[in-house]
Each structure stands twice: as structure tokens, then as C-alpha cells.
Amino acid sequence: MKPKKGLKFILTLLTFLILIAFGFPFIWMLLASFKTQAQILSTGHTFMFKPTFNNYISVFKEYDFLKFIWNSFIVAFGSTLLSLILGLPAAYAIARHHLQN
């Protein structure tokens, strides 16, 4: 049974509204990363501003940011490897198990 065009439009509109609601904070953070502290705290011209890369430059100059990224990579890789080591034998056992009635 095909959904009616009106229902399909409503579902599409609802999907876009949910995507905007969940995506807006990430867009806001991305825009704030290209602003100065004064521009972030000002109430005018929220979307019209002169972007600056000084925030990104200071992160790499003042902090050992690559060390933090490397540590995060090690933790993510280790947890993924551990999940695979535990999950693959379980998945194999479930796949090979024949249900008996």
C-alpha cells in the first residue's frame, strides 16, 4: 500500500524539522568557532560577521592538541577492538545456532 502524498509530505516536513532541531546546535558551535569572544557575546549580527581562524591557531600553538587527538584515537580503537573480540564469537554462535521446536 502506497502512502498518500499528504502523509508523505508531512513525514518529510517532520523529518526536516527534526534534522534542523538536532543540527542547529552543531551549526551554532561551528559558527562560534570562527568568531572572536566579543562577537560571540554580542547580540547583534549573529550570522553576519568577519570570520577569524585565530581560535584554531591558538588551539594548536598553546595546547598539545594532537596528543589529545591521539589519546582519543587509542581509546576508540581499543574499545572497538574489544567489542569485536567479544562480539564476533557471540554473533557466530547465534548465526550457527539452529532453533529447535
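This is a predicted model: local features need pLDDT of at least 70, side-chain atom pairs count only at pLDDT 80 or more; totals for chains, interfaces and linings use all residues.
1. Helix 4 is not straight: at glycine 87 the helix bends by about 30 degrees. A proline, proline 89, follows within four residues of that glycine.

2. The length of helix 4 can be checked against its residue count. The helix covers residues 65-96, which is 32 residues, and at 1.5 Å a residue these should span 46 Å. The end C-alpha atoms are 46 Å apart, so the two values agree.

3. Helix 1 also has a kink, of about 40 degrees, at glycine 23. Helix 1 runs over residues 5-33, and its 29 residues should span 42 Å at 1.5 Å a residue. Its end C-alpha atoms lie 41 Å apart, which agrees.

4. What secondary structure does the protein chain contain? There are four helices and zero strands. Read from the N terminus, the order of elements is α-α-α-α. The radius of gyration of the chain is 24 Å, whereas the globule rule gives 13 Å for 101 residues; the chain is therefore more spread out than a compact globule.

5. Other values for the whole chain can be set beside this. The C-alpha trace spans about 70 × 50 × 15 Å along its principal axes. Of the 101 residues, 4% are buried. The chain exposes about 9,800 Å², and 74% of that area is supplied by carbon and sulfur atoms.

6. Is threonine 52 buried or exposed? Its relative accessible area is 13%, and the cut-off for buried is under 20%, so threonine 52 counts as buried. This residue sits in the loop between helix 2 (37-41) and helix 3 (54-62). Once neighbours within four places in sequence are set aside, threonine 52 is in contact with Ser33, Phe34, Lys35 and Thr36.

7. The side chain of threonine 52 also makes a polar contact, at 3.2 Å, with the side chain of asparagine 54. Asparagine 54 belongs to helix 3. Its relative accessibility is 51%, and exposed means over 50%, so asparagine 54 counts as exposed.

Terms used
Residues are numbered from 1 along each chain as its sequence is written. Side-chain values use heavy atoms; hydrogens and water are left out. Helices (H or I, at least four residues) and strands (E, at least two) are DSSP runs, numbered from the N terminus. The radius of gyration is taken over C-alpha atoms; the globule rule is 2.2 Å times the number of residues to the power 0.38. Buried means under 20% relative accessible area, exposed over 50%, partly exposed in between (1.4 Å probe, protein chains only). Accessible areas come from the Shrake-Rupley method with a 1.4 Å probe; for residues, only the protein chains shown count as cover. The expected span of a helix is 1.5 Å times one less than its number of residues. The bend at a residue is the angle between axes fitted to the seven residues ending there and the seven starting there. A polar contact is a pair of N or O atoms within 3.5 Å; within protein, one must be able to donate a hydrogen and the other to accept it, and residues adjacent in sequence count only if both atoms are side-chain atoms. Contact means heavy atoms within 4.5 Å.
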